[in-house]
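Open the model in your viewer and keep the selection panel at hand. The tour goes from one selection to the next and says what is there.

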Amino acid sequence: MDFQKLVELYEELEQTSSGNKMRELLSDFFKKVPPGEIGLVTYLTLGRLASEFDDVVLGMAEKSVLKAIALAAGQDLSKIQKMIRETGDAGSVAEKMWQKKPRPLVSTSPLTIHELFEKLHKIASSSGPGSQDLKTNLLASLLSKASAKEAKYVVRIALSQLRMGVGDMTVLDALAIAYTGDKKNKEFLEKAYNICPDVKIIAETLVAKGLKGLEKIDLHVGRPIKMMLAQRVQELEEIPEKMEGKIAVEAKFDGERVQTHKDQKGKITLFSRRLENITHQFPDLVEYLKKYLQPKEFVLEGEIIAVDEKENPLPFQTLMQRRRKYDITEYVKKIPLQLKVFDFLFIDGKSLLHESYEKRWHYLEKSINKNNHLMPADRIITESVEEIDEFFQKMLKKKYEGIIAKSLAGEYQAGTRGWQWIKWKKEYVKEMVDTFDLVIVGAYYGRGRRSGVYGALLCAAYNQKKDSFETVCKVGTGFTDKLLEELPKKLKKYEMNAKPARINCKKEMEPNVWFEPKLVIEILAAEITKSPFHSAELALRFPRFVRFREDKKAEQATTIEEIKEMVREK
Ligand code: ATP
């Protein structure tokens, strides 16, 4: 397929501000894609070269991309830099240059998506000394084959800034419509995607083998699965009511969730809550996993926590200092960590996804050799609310965040927030106060003391059913002066000229600046009320910024369904 066809779709998608129209455009397009190319097309509509968990990062620095444009257009870099200062968008600069001048190397054959894909992969995989220049040259040669509109999007893909507003769930919706004729079947695509979060594999399996083929997708060592999540309750007493029989109550640690995979060759990969490959950030943890686990091949989950010299837990913010590009070895010494293991999903050739928690725990305990770095999570088994509360108080004394109750009979439900896991945190005990993880979708200019910085942020919850973002509050408190100063810079790369299609917002709340829904923050709020001003029709009262949740993607924010559930329970 020629890239030009995809570019026509990009242009249409860029113009639309309606989520439904976007899905319609995508599904109409998917219907026309040759079966062998559907996988590539799904990646490219997301502006990606691989699944998110594959370590294929294109994201070239703007400077290198501008150099490539100058090179391919036969222009001075200073001229290109001047144009970018005026427009702010490198894609449009390339488009303008290509419109004005006949390209220096005019090719006869059109650019196909296979060729584009292959060349972009080559750019992504060049590393080591001199690789920046090599990347620039490769991009320049690719651009010289492109038309004006193609150049615009090649540049955006190279910068990892396609900004079309299409998410993985949008693609699944469109695939369901295109290949099964019924949007309702998205449910089956999503189920398979939770176990295999790679749109290319889902699209190719659906096209080749239909819904039956998707049912057979299972856990594969080296490929992360979406993590199981916990529900919340209003009263501690509800926990035994929601779960029958005996339950396990584990400590809830305030650290970073990790899914670790070890394949038969001994290769260990660590995946974050967002399913990013974070192996290189925790070399110490990789060593512990090699040393203290018996199975040759496994997938396990746990929480990484920072600890002091006496092995007492340190706050989440301390651990976050370990998430860095440089000085990793220095920080391994500076901030030691522990892994509290709480689930086992695969052991020596056998998937445990459909085994009960009880059985998975049995494998977990059997597999770990005693040591001080990596251990089973602290837990008790009980049926009594009193014992649950006692354990909760004990865990708070140990400086943990709270507890998670788990049904002994429960299977691992990938990507699902169900009643098999229920969390109970210290915030819940402080009356009416609760935390929400919301997506920043807009900002309002500050006034008075805050002029020149943002005065407040518009935040949204995720609507899972509609794959959209609904506004729920405007937050202006909880920010330090330093953070207020930094916010415009931090948000700059997500700025959009118009409202992104998947954001729903009422006229009354329209912000001065729109953002692509990407950045998630934790908000503490005192109450949930009905609201005619927010598209969620609910609003959070007295919201206060707590921290960034960079470990979450926009689609992992608190959902509208969860907020409604909280209202029902009050
Ligand atoms: P929160 O902000 O409350 O941590 P969340 O949305 O990140 O919530 P939930 O599924 O609601 O995630 O709560 C479970 C989270 O708690 C996990 O993602 C994990 O990071 C953390 N956690 C800590 N201890 C445990 C444990 N013993 N079992 C499962 N998850 C745990």
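The model is predicted.

**Stop 1: two helices**

Select residues 62-73, which form helix H4, and residues 131-143, which form helix H8. The two helices pack with their axes 8 Å apart, at an angle of about 45 degrees. That angle makes H4 oblique to H8, because it falls in neither the roughly parallel range, under 35 degrees, nor the roughly perpendicular one, 65 to 115. The crossing of H4 past H8 is right-handed.

Now show side chains at the contact. On the H4 side, pick Ser64, Val65, Lys67, Ala68, Ile69, Leu71 and Ala72. Facing them from H8 are Gln132, Thr136, Asn137, Leu139, Ala140 and Leu143. By type, the residues of this contact divide into 8 nonpolar, 4 polar and 1 charged.

**Stop 2: aromatic rings**

The count of aromatic pairs comes to 15. Select tyrosine 462 and phenylalanine 469 for one of them. Their ring centres are 5.1 Å apart and their planes stand at 40 degrees, so the pair is tilted; planes have to be over 60 degrees apart to count as edge-to-face. Are these two residues buried or exposed? Tyrosine 462 has 2% relative accessibility and therefore counts as buried. Phenylalanine 469 is buried as well, with a relative accessible area of 0%.

Move on to phenylalanine 545 and phenylalanine 548. This aromatic pair is edge-to-face, with 65 degrees between the planes and 5.3 Å from centre to centre. Phenylalanine 545, at 8% relative accessibility, counts as buried. Phenylalanine 548, at 15%, also counts as buried, because the cut-off is under 20% relative accessible area.

For a group of rings, select Phe3, Tyr10 and Tyr153. Ring pairs link these residues into a cluster.

**Stop 3: a residue in a strand**

Select glutamine 231, which sits in strand S1, residues 229-232. Its relative accessible area is 12%, so glutamine 231 is buried.

Key
Residues are numbered from 1 along each chain as its sequence is written. This is a predicted model: local features need pLDDT of at least 70, side-chain atom pairs count only at pLDDT 80 or more; totals for chains, interfaces and linings use all residues. Side-chain values use heavy atoms; hydrogens and water are left out. Axes are lines fitted to C-alpha atoms, for helices over the stretch in contact, and angles run from 0 to 180 degrees between N-to-C directions. Helices (H or I, at least four residues) and strands (E, at least two) are DSSP runs, numbered from the N terminus. Angles under 35 degrees count as roughly parallel, over 145 as roughly antiparallel, 65 to 115 as roughly perpendicular and the rest as oblique. A crossing is left-handed if the near helix is turned anticlockwise from the far one by less than a right angle, and right-handed if clockwise. Contact means heavy atoms within 4.5 Å. Ala, Val, Leu, Ile, Met, Phe, Trp, Tyr, Cys and Pro count as nonpolar, Asp, Glu, Lys and Arg as charged, and the others, Gly among them, as polar. Rings of Phe, Tyr and Trp (its six-membered ring) pair if their centres lie within 6.5 Å; planes under 30 degrees apart count as stacked, over 60 as edge-to-face and the rest as tilted. Buried means under 20% relative accessible area, exposed over 50%, partly exposed in between (1.4 Å probe, protein chains only).
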